Amino acid sequence: MRVPFVGLRIPIPNPIPSRARARVRRTGVHVLMVAASVPVVRPVAERGFRALFDSLADDWERIRADPTYREGFREALAHLPRGFRPRRALDVACGTGIATEVLLARWPQLAANGFDISPRMVELASELVPGASFEVASVHHLPWADGEFDLVCALDGLLDLPELLRVLHRKGRLLVVYSRGGTTPISRPLAALATELNDLDAIAEVYTDGEAHVLVARHRR
Ligand SMILES: C[S@@+](CC[C@H](N)C(=O)[O-])C[C@H]1O[C@@H](n2cnc3c(N)ncnc32)[C@H](O)[C@@H]1O
């Protein structure tokens, strides 16, 4: 790049090294998460998330190719109560549908829905996981009735706990999985989530012994 007026030439590596790109992306996600937590600027954050993840969508399966993402989520299912057998599940911020794919492999009869704010992610999920139904929606305004799902899961997904508890059946379970523990870019500390859930009249248990960190919650009554 040549600096105007000065005439200096600055070498800009092309393409930008992937580590630098990942750092910029992590910072961007963090800023958007903070903005999404403030209702007046939330629409701006939602537009930012949509644009960011639409731009990543065609590359997402490659970014998630490491089998530990699917494996971590599969192992997290072991923290659900013994004999728990959901009939209807929701994949929160589903991306290309990785969590849904794992759920359907485990429970082939499951009625599975997923949603994401990125239309391109939803398009890809619909192609890659044909046994489920995916739609574009924001976690802050879910298009489902109260108590519709007996399993609501979020794999590295953005959360809105009151809204997720609203669509969770009285006897259902909310499963939050951060595949890279506290270093997962979109993660929030599980202890803080557990406190918030407690204030929302839910009970949460957290499991942080593996690489993936897991929270399982249910309505208190
Ligand atoms: C880190 S990705 C995880 C995707 C997928 N769960 C997976 O594990 O591959 C986070 C996802 O959250 C979605 N997202 C961001 N803000 C959202 C919102 N307000 N409502 C729904 N999805 C959102 C993004 O579009 C993106 O697909």
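This is a predicted model: local features need pLDDT of at least 70, side-chain atom pairs count only at pLDDT 80 or more; totals for chains, interfaces and linings use all residues.
Visitor: Which domains does the chain have?
Guide: The domain assignment gives domain 1, residues 2-62, and domain 2, residues 68-219.

Visitor: How far apart are the C-alpha centres of domain 1 and domain 2?
Guide: Those centres lie 25 Å apart.

Visitor: And how many residues are in contact between them?
Guide: On the side of domain 1, 13 residues are in contact with 13 residues of domain 2. Helix 1 (18-36), helix 2 and helix 3 each supply at least two residues of the side of domain 1 that touches domain 2.

Visitor: Which helix gives the most to that side?
Guide: Helix 2 gives the most, with seven residues. By class, the side of domain 1 that touches domain 2 has seven nonpolar and six charged residues, and no polar ones.

Visitor: Let us turn to strand 1. Is strand 1 mostly covered or uncovered?
Guide: Strand 1, residues 88-92, is mostly covered, as four of its five residues are buried.

Visitor: Which strands does strand 1 pair with?
Guide: Strand 1 pairs in the parallel sense with strand 2, residues 111-116, over four bridges. The chain passes from strand 1 through helix 5 (residues 98-106) to strand 2, and this β-α-β crossover is right-handed. Four bridges also join strand 1 to strand 4 (residues 149-155), and these two run parallel.

Visitor: What are the bridge partners of leucine 90?
Guide: In strand 2, the partner of leucine 90 is asparagine 113. In strand 4, the partner of leucine 90 is valine 152.

Visitor: New topic: which residues of helix 6 are buried?
Guide: In helix 6 (residues 119-128), the buried residues are Met121, Val122, Leu124 and Ala125. They cover an arc of only 165 degrees around the axis, so they lie on the same side of helix 6.

Visitor: What covers the buried residues of helix 6?
Guide: The cover includes helix 2 (42-57), helix 3 (60-63), strand 2 and strand 3 (133-136).

Visitor: One last residue. Where is lysine 171?
Guide: Lysine 171 is in strand 5, residues 168-178.

Visitor: Why does lysine 171 count as exposed?
Guide: Lysine 171 counts as exposed because it has 10 C-beta neighbours inside 10 Å, and a residue is exposed if that number is 12 or fewer.

Visitor: How far apart are lysine 171 and aspartate 150?
Guide: In sequence, lysine 171 and aspartate 150 are 21 residues apart, and in space they are 6.9 Å apart, C-alpha to C-alpha.

How values were computed: Residues are numbered from 1 along each chain as its sequence is written. A residue is buried if 20 or more other C-beta atoms lie within 10 Å of its own, exposed if 12 or fewer, and partly exposed in between; C-beta atoms are placed from the backbone. Two strands pair if DSSP finds at least two bridges between them. A crossover is right-handed if, with the strands pointing away from the viewer, the path from the first strand over the helix to the second runs clockwise. The arc is that of the directions from the helix axis to the C-beta atoms. Two residues are in contact if their C-beta atoms, placed from the backbone, lie within 7 Å. Domain bounds come from an automatic or database domain assignment. Ala, Val, Leu, Ile, Met, Phe, Trp, Tyr, Cys and Pro count as nonpolar, Asp, Glu, Lys and Arg as charged, and the others, Gly among them, as polar.
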